[in-house]
Amino acid sequence: MSDFLDNLGKVVNETAKKAIKASGDVVELTKTSLNIKFDEVKRESFFKEIGGIVYRGYRISPESVSDEILDFCRCIDEIENSISAQRAKAAEIKKKKFCVNCGKELCKTFLFCYSCGASQPEIPDEDEEEEICECGCGCEFGLGNEGDCKEPGPCGGGEDSCNF
Ligand SMILES: [Zn+2]
């Protein structure tokens, strides 16, 4: 009976040791896989850096790169041109609005539709900051400083400012 218990103890012990080793292997494998991923990401970012350096060199002197690289650089040129054109188009679209009644394309600043006459909501300009008088009268014509305001208003600013 005691032999049996001894053997059982040994078997349990071995099994536990194997389990611990297996779980240790899993942890080690996970760590290794993560390290590989990390190194691959770093490698990609260095490739990108090198690409940027080569392209900037090509922009300065196109003769400095080999024919193989020249083709890639010309592709990048085309992409740059396409991006510029699309940015200009997006800026143009932002200046347009459509009639709330008939759908006619209108200039963003139009307050009435020239086609159907419907009145249009005002669209604030996102790009241009409206100059607001800082003298406190609330007019839009102030130049920022008290006294610069030429508009009559209730603020009682400088001599040249509001007359109220
Ligand atoms: Zn209309």
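Two residues are in contact if their C-beta atoms, placed from the backbone, lie within 7 Å of each other. The model shown is predicted, so that local features need pLDDT of at least 70 and side-chain atom pairs count only at pLDDT 80 or more, while totals for chains, interfaces and linings use all residues. Residues are numbered from 1 along each chain as its sequence is written.

**View 1. Asn 101 in the loop between strand 1 (96-98) and strand 2.** Strands, like helices, are DSSP runs numbered from the N terminus, with at least two residues (E) for a strand and at least four (H or I) for a helix. Leaving aside neighbours within four places in sequence, Asn 101 is in contact with Cys 113, Cys 116 and Ala 118. Its C-alpha atom lies 8.9 Å from that of Gly 117, 16 residues away in sequence.

**View 2. Ser 115 in the segment after strand 2 (105-107).** Beyond its neighbours within four places in sequence, Ser 115 is in contact with Cys 99, Cys 102 and Lys 104. The C-alpha atoms of Ser 115 and Lys 104 are separated by 7.1 Å, although the two residues are 11 apart along the chain. With 13 other C-beta atoms within 10 Å, Ser 115 is partly exposed.

**View 3. Helix 1 (residues 2-60).** Of the 59 residues of helix 1, the number buried is 0, so the helix lies largely in the open. The expected span, 1.5 Å times one less than the number of residues, is 87 Å for helix 1, which agrees with the 87 Å between its end C-alpha atoms.

Technical notes:
A residue is buried if 20 or more other C-beta atoms lie within 10 Å of its own, exposed if 12 or fewer, and partly exposed in between; C-beta atoms are placed from the backbone.
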